[in-house]
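Let's walk through this structure together, moving from the whole chain down to single residues. Have the viewer open and follow along.

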Amino acid sequence: MKLRLKGTKSIFEEIAEQYKNYIRLGVIVGGEKLPSCRELAIELGINPNTVERAYALLEAEGLVMTMHKKGTFVIENGSQKTVILAEAEKQVAALKNAGLEYQEILQIVERVYKADREEP
């Protein structure tokens with residue numbers, strides 16, 4: 001599937017719009033992986049940051065999710081839990097990148113769940 005830029009809008013908006021149409025028409029289905037930002041940028045001859053902006057727009061609209069080091073995937077209809085899991089993965093990755101160790105992250109999760117079980 002080839003994207004064609006028409007020059008009628010910002011490039012990132014055109015990319016997002018074309019992907020929205022492909023998703024809504026069923027050309028791209030839930031679970032399908034989109035090209036990496038770098039791959040699509042090379043194909044279109046544009047900056048990878050522009051593709052990232054388009055993917056971020058699609059993600060904000062709940063059409064795709066980006067999984068750290070795995071790629072950007074179309075969300076299946078009614079798959080809100082998938083979106084939440086992807087967001088949780090991003091947050092855990094941010095904690096790891098900030099220098100927290102595995103056990104420290106687990107302790108945070110345990111404290112959050114323990115607080116829910118405790119009576120006020």
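Predicted model: local features only at pLDDT ≥ 70, side-chain atom pairs only at ≥ 80, totals over all residues.

**A guided walk through the chain**

Lys69 is exposed, with a relative accessible area of 79%. You will find Lys69 in the loop between strand S1 (64–67) and strand S2 (71–74). Its backbone deserves a glance too: Lys69 has a positive phi of about 65°, although Lys69 is not a glycine. As background, most residues other than glycine have a negative phi.

Now step back to the overall layout. The protein chain contains 5 helices and 2 strands, and from the N terminus on, the elements run α-α-α-β-β-α-α. How spread out is the chain, judged by its radius of gyration? The value is 18 Å, well over the 14 Å that the globule rule gives for 120 residues, so the chain is more spread out than a compact globule. The C-alpha trace spans about 60 × 30 × 20 Å along its principal axes. Of the 120 residues, 28% count as buried. The chain exposes about 8,600 Å², and carbon and sulfur atoms supply 52% of that area. If you look at contacts between residues at least 6 apart in sequence, 46% of them join residues at least 24 apart.

Let's turn to helix H1 (residues 11–25), with Ala16 as our entry point. Ala16 sits in helix H1 and counts as buried, at 0% relative accessibility. Which residues does Ala16 touch, not counting those up to four places away in sequence? They are Ala54, Leu57 and Leu58. The C-alpha atoms of Ala16 and Leu57 are separated by 6.8 Å, although the two residues are 41 residues apart along the chain.

Further along the helix come the aromatic rings. The chain has 2 aromatic pairs. One of them joins Tyr19 and Tyr22 in an edge-to-face arrangement, 6.5 Å centre to centre with 70° between the planes. Why are Tyr19 and Tyr22 separated by about one helical turn? Because they are 3 residues apart in helix H1. Both Tyr19 and Tyr22 are buried.

Tyr19 also forms an aromatic pair with Tyr55, again edge-to-face, at 6.1 Å centre to centre and 70° between the planes. This pair links distant parts of the chain, with Tyr19 in helix H1 and Tyr55 in helix H3 (residues 48–60), 36 residues apart. Why does Tyr19 count as buried? Because its relative accessible area is 2%, below the 20% cut-off for the term. Tyr55 is buried as well, with a relative accessible area of 3%.

The charged end of Arg53 sits over the ring of Phe12, 3.9 Å from the ring centre.

Our last stop is Glu89, which belongs to helix H4 (residues 80–97). Is Glu89 buried, exposed or partly exposed? With a relative accessible area of 26%, Glu89 is partly exposed, because that value falls between the 20% and 50% limits. Leaving aside neighbours within four places in sequence, Glu89 is in contact with Met67 and His68. From C-alpha to C-alpha, Glu89 and His68 are 7.4 Å apart in space, and they are 21 residues apart in sequence. To finish where we began, go back to Lys69, in the loop between strand S1 and strand S2.

How values were computed
Residues numbered from 1 in each chain as written. Heavy atoms only, no water. Helix = DSSP H or I, 4+ residues; strand = E, 2+ residues; numbered from the N terminus. Buried < 20%, exposed > 50% of the residue type's maximum accessible area, 1.4 Å probe, protein only. Contact = heavy atoms within 4.5 Å. Phe/Tyr/Trp six-rings, centres within 6.5 Å; stacked < 30°, edge-to-face > 60°. Lys NZ or Arg CZ within 6 Å of the ring centre and 35° of its normal. Rg over C-alpha atoms; globule rule 2.2 N^0.38 Å. Areas by Shrake-Rupley, 256 points an atom, 1.4 Å probe, with all protein chains shown as cover.
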